[in-house]
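I opened this notebook to record what I looked up in the structure shown below. The entries are written for a reader who is new to it.

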Amino acid sequence: MSNSPKAPVRVLIGKPGLDGHDRGAKVVARALRDAGMEVIYTGLHQTPKMIVTSAIQEDVDCLGMSILSGAHMTLFSEVLKLLHDQDAEDIIVFGGGIIPDEDAKALKSQGVKELFPPGTSTQEIVTWIEKNVKPKR
Amino acid sequence: MGNDSEKKSKTRTDWDKAHKPLDRQRKEHFDSISFRPHPVMVAHDEMGAFNPSSELGYPGEYPFTRGIHPNLYRGKLWTMRQFAGFGTPEDTNARFRFLLANGQTGLSTAFDMPTLMGYDADHALSKGEVGREGVSLCTIEDMEILFREIDLTQVTVSMTINCTAPVAMAMYFALARRRGYDFAKLGGTIQNDMLKEFIAQKEWISPPAPSVKLSCDIIEYCSQFAPRFHGISISGYHIREAGATAAQELAFTLADGLAYVQHCVERGMPVDSFAPRLSFFFDVHNDFFEEVAKFRAARRMWARFMKERFDAKEIKSMQLRTHAQTAGVSLTAQQPTNNVARVALQALAAVLGGVQSLHTNSMDETLSLPTEQAVKVALRTQQIIAEETGVADVVDPLGGSYYVEQLTSQIESEALSYIEKIDALGGMLSAVEQGYPQKELAEASYEFQKRVDNDLYRIVGVNSYKDVGDEDGIPTHSVDLEVENRQRARVVDFKKARDQKAVASSLEAVRNACQNNENVMPALIDAVDNGITVGEVSDIFREVFGVYRDPGLL
């Protein structure tokens, strides 16, 4: 462990698809920012392509997506595929929303690192990122 | 011991001194879910200038604090209306018939995200979303299947749809025309409240000003041709779910209502020609008395606004009629069967608050769309309140409670000060354009989350009383992924089979109505009857009125 000041983790919080439920995404974005991370919030109604492009342009360490519309299987898979196609698989993908257990298992096996169900405290998400995401810089 | 019975405080202050009720409390703060400190009690000598005759009156009389009907639920129970929709129109039609067979008294339709955002099932942006969060509606054929074998003059139908409400409403009327129904016999409600979309629910096509114009087209059309149909449901539900406090929910909802009334009046519609069919929709959350007080305050405030600000003369114009839904956001994914208890208590608050119709959430809604079994428990919860508890026999049973009356006045005055701020910003349309309510919600929802994370607000099963080890699961509903393929193929085939000449002239008629600032409804009804789809009309809205993008405020 070095004592040099650590670069802050850069996080993109994305809202893919047509889903307008942004309460969770915004609360998480603010909590991560308050925890000292650099947070970029995409706003609503992004396509997977827009999100992956922003993530690469912003050179983020991880990418969190919030989906409450039931479209998680399609949207997470597309984002993973686009990251793979663009050699950006080092960007860690996590997420939250209304995602049944079975689907969560399937998504994790595809490469989503963690999914936070409703009721997760913001501290749990902060702790998880601190433990699992190392800033690239 | 004998002396204790002689001890009698003369005032609230004496009582505080004698008993020190704030000492030795089990926690430091006793706040409502809306951050309002709960009083330890309210005494008879704290009611100050409270004047029951002007603040309450009698049930069924101005200012309607005690309810809009003299005998409330003795005449007719509230409408039990469960929101339903998923998959193809056939799937939802089957769920509707299941609900009606189980004693439900009105229908309420949930549409999927593509329908709600103005994309047909075959659009690239619809991928993964068709039929998932509600039923997919692209064409009049879908509307026909959705209500197959349901007599629309016998049930009232609610449709939760907003930026594409003009299209859904047009399809409903076109279907009614095909079936030969008299429009005057059609009863129901279309949500059609665009202001709260920009504040909370975030389903939009065009910017706020033209969106409000379209909302008012429906209000105007219904008031002229379908007088039993509520052309708008001014909705606080989404505002609350997105993080507002009870007072913010009340204030922003009424301010939205005032903005629509203002717009209609400016169009030249006499206030009493449309105000009797305005309806409202509120959330009913966890803090029991706060919720009861909110409904009572809402009625009193609306009555006064309509009478004093808009000079309404008809009693019905002053009456706030409301639907309520239990708070989806209060349900937990952890220990999901506990949600049955939460829903029952929230539903009881709605009934004690005097609502006209109610949706009770199903226990599994934080996991997926509800199963039939979970929906049935939710519906039965309402039936138990109605039939077994006796609460529906007495009008406004909490009226006169020192606490409830004080709280009603308090929420009213908090909401009034928000409305003053909004008035100063130029009314709600302008406040929304400036992002005022959006920022207020972001602040309140973040504050609430911090309180939960710091254990200041306890949620059973989430930050307290957690289960050890694995929890018992409950069955969940899943939507067949094939639905999307079927629905996409159907709309593609439908578009090919249309009379292309009629399509072209219908699109032109709708575009002209939009460009010439006419009421779009007459042209739309003919257009959807000729096969114009939800996505095609929405494209015209995009072209003529422009596209709104999320400012992404944190």
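The entries go from the contact between the chains to the domains and then to single residues.

**Entry 1. Conventions.** I noted that this is a predicted model, in which local features need pLDDT of at least 70 and side-chain atom pairs count only at pLDDT 80 or more, while totals for chains, interfaces and linings use all residues. Residues are numbered from 1 along each chain as its sequence is written, chains are lettered from A and ligands numbered from 1 in the order in which they are written, and side-chain values use heavy atoms, with hydrogens and water left out.

**Entry 2. Chain A against chain B.** I looked up the contact (heavy atoms within 4.5 Å) and found that 34 residues of chain A and 37 residues of chain B take part. The buried area (accessible area, 1.4 Å probe, that two parts lose on being put together, summed over both) is about 2,900 Å² between chain A and chain B, and carbon and sulfur atoms give 57% of this. On the side of chain A, L18(A), R23(A) and R30(A) lose the most area to chain B, together 29% of what that side buries.

Entry 3. D22(A) forms a salt bridge with K202(B), with the closest N and O atoms 2.7 Å apart. For polar contacts (a pair of N or O atoms within 3.5 Å; within protein, one must be able to donate a hydrogen and the other to accept it, and residues adjacent in sequence count only if both atoms are side-chain atoms), the interface of chain A and chain B has 15 residue pairs, both at pLDDT 80 or more.

Helices α1 (23–34), α3 (72–85) and α5 (122–132) of chain A each give at least two residues to the side that touches chain B. The largest share, eight residues, comes from α1(A).

**Entry 4. Domains of chain B.** The domain assignment (bounds from an automatic or database assignment) gives domain 1 (52–453) and domain 2 (482–545) of chain B. Their C-alpha centres lie 28 Å apart. Domain 1 of chain B brings 48 residues to the contact and domain 2 of chain B brings 31 residues. The area buried between these domains is about 3,200 Å², 62% of it from carbon and sulfur atoms. I found seven salt bridges across this interface; R177(B) forms a salt bridge with D529(B), the closest N and O atoms being 3.3 Å apart. Between the two domains, 21 residue pairs are in polar contact, both at pLDDT 80 or more.

**Entry 5. Two residues of chain B.** Is M143(B) buried or exposed? M143(B) counts as buried because its relative accessible area is 0%, the limit for buried being under 20% relative accessible area (exposed over 50%, partly exposed in between; 1.4 Å probe, protein chains only). M143(B) lies in helix α5 of chain B. Beyond residues up to four places away in sequence, M143(B) touches L137(B), M159(B), A168(B), M171(B), Y172(B) and L175(B).

H230(B) is also buried, with a relative accessible area of 15%. Leaving aside neighbours within four places in sequence, the contacts of H230(B) include G188(B), R277(B) and R321(B).

Conventions
Salt bridge = Lys/Arg side-chain N within 4 Å of Asp/Glu carboxyl O. Helix = DSSP H or I, 4+ residues; strand = E, 2+ residues; numbered from the N terminus.
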